[in-house]
Amino acid sequence: MSQPATKETYGFQAEVKQLMHLMIHSLYGNKEIFLRELISNASDAADKLKFESLRDPNLMVEDTELKVWVDFDKDARTIIIRDNGIGMTEEEVIQNLGTIAKSGTREFLQKLTGDQAKDARLIGQFGVGFYSAFIVADKVIVRTRLAGSDPSSGVEWVSNGEGEYTIEKITKDTRGTEIILHLRPEEDEFLNAWRLKHIITKYSDHITLPIIMKKETMEEMKSDKDAKEVTETKAVVEEEVVNRATALWTLPKNDITDEQYKELYKHVAHDFEDPLSWSHNKVEGKLEYTSVLYIPARAPFDLWHMGKARGLKLYVQRVFIMDDAEQFLPHYLRFVRGIIDSNDLPLNISREILQNNRTIESIRAALVKRILSMLEQLASDEKEKYAKFWKEFGQALKEGPAEDFANKEQIAKLLRFASTHKNTELQDVSLEEYVARLIPGQNKIYFVTAETFNAAKNSPHLEIFRKKGIEVLLLTDRIDEWLTSHLTEFQGKSFQSVARGGLDLGELEDKASDEKHKEVEGDFDETLKKIKEVLGDRIKDVRLSRRLIDSPTCVVIDENDMTTQMERMMRAAGQHVPKHKPILEVNPDHSMIIRLKTETDKAHFADWIEVLFDQAVLAEGGQLDDPASFVKRLNALLLTH
Ligand code: ADP
C-alpha cells in the first residue's frame with residue numbers, strides 16, 4: 001500500500017548550511033559538546049513549560065515531573081535525548097531547525113577565515129546549539145509535540161545535514177521532544193554508558209532538570225526448582241539520575257567548583273569559552289534574591305548591534321521566567337551575563353511589569369554596585385585579565401558616565417586610556433595614575449581626540465605639552481567625545497581638550513614666555529589682519545598661538561563649539577549639524593610665520609596662508625573643501641624654492 005504523501009522536503013536557509021558545514025569541520029576537536037547543547041535545549045524546553053503552566057496548569061497534568069532522558073542503542077548505533085518539555089509545533093520546527101533567526105548572522109559568517117582554530121572560537125561566540133548534533137551524527141531525527149496539543153499533532157523532522165530536511169505529521173503519545181542521533185561510522189565511542197555519563201557530569205551537572213540514564217544491575221533471584229533452592233542472576237534495568245539536578249546557585253559557594261560555575265556560564269551565555277570572572281551572591285533582608293554574575297572573556301559577535309536584547313536569566317523562586325531580562329542591567333553593562341533568582345517578584349511577572357518596578361530598580365542598583373566592585377577587584381588583583389576585559393568591553397564601559405550619573409566616579413576609576421606617557425596604542429592608563437603624575441601647578445586632565453592613534457599622537461596641539469612634560473590622554477574611540485562631554489572632572493580635576501579654546505595653562509605658564517608673547521603681539525597685528533582677509537569667513541578668528549613649538553599653524557575649536565569628531569559622529573547618526581568654523585592659530589616663533597610678516601607680494605602671501613590653513617586642517621584629521629587646489633598651490637610653492 002502506498003503511503004499518503006504527508007512527508008514534505010524543505011531546504012535549509014543558506015546560513016544554516018554554511019554554519020553546519022563549519023561546525024562539523026572546526027568543532028571536531030570538541031565534538032562531545034553536542035550533548036551539552038542538546039541537554040541545554042531540553043532544559044530550556046522544561047523551563048518554558050514550567051513557566052507556561054503557571055498560566056495554564058493543564059499543560060503539565062499528563063506528566064508533572066520534568067526530566068530529560070539520555071539513552072543509546074548499540075545495535076542501531078543511536079543516541080536518544082528525550083524531554084517532556086514544551087515541545088514544538090510544525091511551524092516552530094521549521095523556524096527553529098531550518099533557519100537562524102539571530103541578527104548579524106551574515107556578518108558573523110563573513111568574519112570566518114577558514115583557519116580552524118580561529119573559526120572554532122568564533123563559532124563558540126556565536127553559539128552552536130542544535131546544529132552541533134551533526135558533528136557526530138549523519139542523520140538526525142527530531143520527534144516533537146507541543147505541550148497541551150493533541151497526540152495527532154506531532155511532527156517528525158529528519159535530516160542528514162546536507163542541505164535538506166523532511167517534515168512529517170506523526171502521532172506522538174507524549175509531549176516534548178525526542179532527538180535521535182544516528183552516529184557517523186567513526187563515533188562509536190559515544191555508545192557507552194560510562195562515556196555519556198562522564199560528559200553529562202562534566203558539562204551539565206548544573207542543569208536543574210534531572211538527567212536520567214538507564215542503569216543495568218545484576219540481581220540475584222532465588223527460586224525453587226524441583227524442590228531445590230537455586231540462585232540465578234538477572235539483569236535489571238533501573239533509571240538513575242546522573243546529574244546533581246539542583247539549581248547550582250542555591251548551594252553554598254563552597255559546594256560549587258570553579259568548573260561548575262564555568263559550565264553554568266556556558267549554559268546561560270551560550271558561550272564556548274570560560275568567563276573571565278564571576279560573583280555569586282545571596283542577598284537576604286528587605287529584598288531576597290540570589291545572583292550569579294559573569295564577566296565574559298570575549299564580546300559576543302552581536303554586542304554592538306543596536307537593539308540586541310541583553311540581560312540576565314530571570315528566575316522567581318527557582319522557576320525560570322525569561323531570558324535576557326535587560327531591566328536588571330544598565331545598557332553600559334550589557335555585556336554581563338548571569339542569572340538572578342528573586343523571592344520578591346510575582347511568578348506571573350511580564351516584561352511590561354518589569355519596566356516600572358521598584359523592586360527591580362533596587363535589585364538593579366545593587367547589581368550595578370556588585371559588578372563595578374567586581375571589575376575594580378579584577379583591575380587591582382588581576383591586571384592581565386583586566387586588560388583583556390578592557391579590550392573587549394572598554395567601549396561599553398565608556399558609555400557609563402553618561403548613563404549612570406550616580407556611579408560616575410566609580411566608573412571613571414575603571415576607565416583606561418592611551419596617553420603621551422607611554423605613547424603606545426594600548427589603553428592602560430587609569431585616571432588615578434594620570435592624577436598621580438600631575439606636574440606641579442597642573443590642575444587639569446588634558447586630552448586630545450582624533451580619528452586615529454597616530455593623528456592624536458602627532459597632533460600639533462601637543463607640542464607645548466611635550467615641551468613642559470605634561471601628560472595628555474590620547475582619545476581615539478568614537479565614544480570618547482561622548483565620554484568627555486559627560487565626564488567633566490575626576491577627583492576635582494576638570495577635563496580639558498588641548499584643541500579647544502584659548503590655551504590657559506594657568507600656573508604652568510612660565511613668566512618669561514608670557515612676557516615675550518605680549519611683546520610680540522603688537523608686531524603681528526598687521527599680519528593677522530591680512531590673514532583674516534585671505535581666509536574670510538572660513539575661520540572664526542586668527543590669533544597668535546601659545547601651544548605651538550614646531551608647527552607653524554594649527555586650528556582650534558572655540559570653547560563652546562562641537563569638535564570635528566563630534567560633528568562627524570552626529571552626521572553619521574543622521575543628524576544635520578552645521579560645520580563649525582575653527583580659529584586659526586599661528587606660531588610667532590616659526591620661521592615661516594616670521595618670513596610671512598615681511599612678505600609684500602599679496603598673491604604669494606595668500607597662497608602661503610591657504611596652504612598653511614589647509615595643512616592645519618589636515619593635521620587635525622579634517623577634510624579639505626578643495627584638495628586639488630591645495631596640491632596645486634603647494635607644488636607651486638615648492639617650485640619657487
Ligand atoms: P538556541 O537554543 O541558541 O536558541 P538552537 O539552535 O539550539 O538555538 O535551537 C533553536 C530553537 O529550537 C530553540 O531556541 C528552541 O526554540 C527550539 N528547540 C531546540 N531544542 C528544543 C527542545 N528540546 N524542545 C523544544 N524546543 C527546542
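Five strands form an open sheet in the order E10-E11-E14-E12-E13, with mixed pairing, where strands are DSSP runs of E of at least two residues, numbered from the N terminus, and two strands pair if DSSP finds at least two bridges between them. Strand E10 (277-283) and strand E13 (319-325) stand at the edges with a single partner strand each, so one side of each is left without a neighbour in the sheet. From one strand to the next, the twist averages 15°. The model is predicted, so that local features need pLDDT of at least 70 and side-chain atom pairs count only at pLDDT 80 or more, whereas totals for chains, interfaces and linings use all residues. Residues are numbered from 1 along each chain as its sequence is written, and side-chain values use heavy atoms, with hydrogens and water left out.

Strand E12 (residues 312-316) runs antiparallel to E13 and is joined to E13 by four bridges; Tyr315 has Phe320 in E13 as its bridge partner. Helix H2 (residues 33-55) packs on the sheet and touches E12 and E13, its direction making about 110° with that of E13; contact means heavy atoms within 4.5 Å, helices are DSSP runs of H or I of at least four residues, and angles run from 0 to 180 degrees between N-to-C directions of axes fitted to C-alpha atoms, for helices over the stretch in contact. Helix H10 (residues 358-381) lies across E10, strand E11 (289-295), E12 and strand E14 (337-342), and runs at about 40° to E11.

Leu97, found in the loop between helix H3 (90-96) and helix H4 (105-111), counts as buried at 5% relative accessibility, buried meaning under 20% relative accessible area with a 1.4 Å probe and protein chains only. Residues touched by Leu97, not counting those up to four places away in sequence, include Phe12, Phe130, Trp157 and Tyr165.

Note on methods. Buried means under 20% relative accessible area, exposed over 50%, partly exposed in between (1.4 Å probe, protein chains only).
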